[in-house]
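Visitor: I would like a short tour of this model. Please keep the steps simple.

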Amino acid sequence: MYKTFEGLVLRETEYRDTDKLLTVLTRDAGKITLKARGVRSNRSKLKGACQILTYSEFTVNDAFHGQYSIMEATSKQMFPGLRSDLELLSLASYFAQVAECVCQEDFSTPELLSLTLNCLYALGTLHLPQQQVKAAFELRVACIGGYEPDLTGCAVCGRADCGRFLVSGGCLQCLECGLGEGLSLPVSAGCLAAMRYITGCDAKRLFSFSLDGPARKELADAAETYLVTQLERGFYTLDFYKSLLLT
């Protein structure tokens with residue numbers, strides 16, 4: 001009995017002499033583990049389709065101890081534009097690590113797969129600004145993970161034109177109101193408009209906004225800080241990406 005999955009390879013782990021274990025984000029089955037037998041051999045026909053950050057179609061046998069073995073695999077999108085640029089590849093790897101963290105096994109998350117694929121396409125094919133794509137991914141994935149921030153207005157007085165974003169609470173505060181202790185970040189009108197757009201827009205129009213200068217930096221800081229705070233963990237792929245920006 002065989003099954004077919006389409007999914008994005010989020011992680012690959014060497015296993016035994018020539019095998020790999022793949023963590024794959026699928027549309028209908030969530031996060032699954034696939035065993036790619038002999039894929040590290042030079043003669044393997046599975047090689048291309050089983051690379052990290054490749055969207056592929058996998059034909060697998062029935063799960064044994066919760067694990068499928070790949071019988072056939074065909075790559076559908078390899079995102080070549082990402083693989084020739086170390087910065088883009090490291091940022092894409094960060095997206096993959098976050099997606100793996102947020103996704104649950106055997107739990108359908110089609111919006112997470114679509115978001116990740118669209119962001120990889122935006123980076124490698126559309127060549128949109130890295131800060132913009134990264135911030136859009138972080139805020140949107142926070143919403144998918146159940147951490148949608150309340151950006152309607154000040155959490156105290158309800159005023160819409162707020163100047164601070166309270167990271168731990170995921171809410172806004174105007175400069176006249178205090179919300180007690182906790183990290184808060186400045187958000188200009190442009191930054192706040194972009195945050196509201198990202199969290200509320202149709203998924204197909206996620207990148208239909210532009211932001212330049214200090215406001216883009218504010219957006220990048222707010223999105224990254226909010227996501228890692230809510231997930232309560234760091235990401236080594238993010239650390240590596242940021243180290244490249246300093247060189």
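Visitor: Does Tyr 197 count as buried, partly exposed or exposed, and what is this model's origin?

Guide: The model is predicted. Tyr 197 has a relative accessibility of 25%. Buried needs under 20%, and exposed needs over 50%. Therefore Tyr 197 counts as partly exposed.

Visitor: Which residue forms an aromatic pair with Tyr 197, and is that pair stacked, tilted or edge-to-face?

Guide: The partner is Phe 209, and the centres are 5.9 Å apart. The planes stand at 55 degrees. Stacked needs under 30 degrees and edge-to-face over 60. So the pair of Tyr 197 and Phe 209 is tilted.

Visitor: Where do Tyr 197 and Phe 209 lie in the chain?

Guide: The two residues are 12 apart in the chain. Tyr 197 belongs to helix H5 (residues 189-200). Phe 209 sits in the loop between H5 and H6.

Visitor: Is Phe 209 buried or exposed?

Guide: Phe 209 has a relative accessible area of 14%. The cut-off for buried is under 20%. So Phe 209 is buried.

Visitor: How many aromatic pairs are there in the whole structure, and what kind is the pair of Tyr 94 and Phe 235?

Guide: The search finds 6 aromatic pairs. For Tyr 94 and Phe 235, the ring centres are 5.8 Å apart. Their planes stand at 75 degrees, so this pair is edge-to-face.

Visitor: Which parts of the chain does the pair of Tyr 94 and Phe 235 link?

Guide: Tyr 94 and Phe 235 are 141 residues apart. Both are buried. The pair links helix H2 (residues 86-102) with the loop between helix H6 (213-231) and helix H7 (236-245).

Visitor: Are H2 and H7 roughly parallel or roughly antiparallel?

Guide: The axes of H2 and H7 are 8 Å apart. The packing angle is about 160 degrees. The cut-off is over 145, so H2 and H7 are roughly antiparallel.

Visitor: How many nonpolar, polar and charged residues make up the contact of H2 with H7?

Guide: From H2, the contact includes Leu 86, Glu 87 and Tyr 94. From H7, the residues include Tyr 236, Phe 240 and Leu 245. The contact divides into 9 nonpolar, 4 polar and 1 charged.

Visitor: What is the phi of Glu 232, and is this residue buried or exposed?

Guide: Most residues other than glycine have a negative phi. Glu 232 has a positive phi of about 55 degrees. This residue lies in the loop between H6 and H7. At 71% relative accessibility, Glu 232 counts as exposed.

Conventions. Residues are numbered from 1 along each chain as its sequence is written. This is a predicted model: local features need pLDDT of at least 70, side-chain atom pairs count only at pLDDT 80 or more; totals for chains, interfaces and linings use all residues. Side-chain values use heavy atoms; hydrogens and water are left out. Rings of Phe, Tyr and Trp (its six-membered ring) pair if their centres lie within 6.5 Å; planes under 30 degrees apart count as stacked, over 60 as edge-to-face and the rest as tilted. Helices (H or I, at least four residues) and strands (E, at least two) are DSSP runs, numbered from the N terminus. Buried means under 20% relative accessible area, exposed over 50%, partly exposed in between (1.4 Å probe, protein chains only). Axes are lines fitted to C-alpha atoms, for helices over the stretch in contact, and angles run from 0 to 180 degrees between N-to-C directions. Angles under 35 degrees count as roughly parallel, over 145 as roughly antiparallel, 65 to 115 as roughly perpendicular and the rest as oblique. Contact means heavy atoms within 4.5 Å. Ala, Val, Leu, Ile, Met, Phe, Trp, Tyr, Cys and Pro count as nonpolar, Asp, Glu, Lys and Arg as charged, and the others, Gly among them, as polar.
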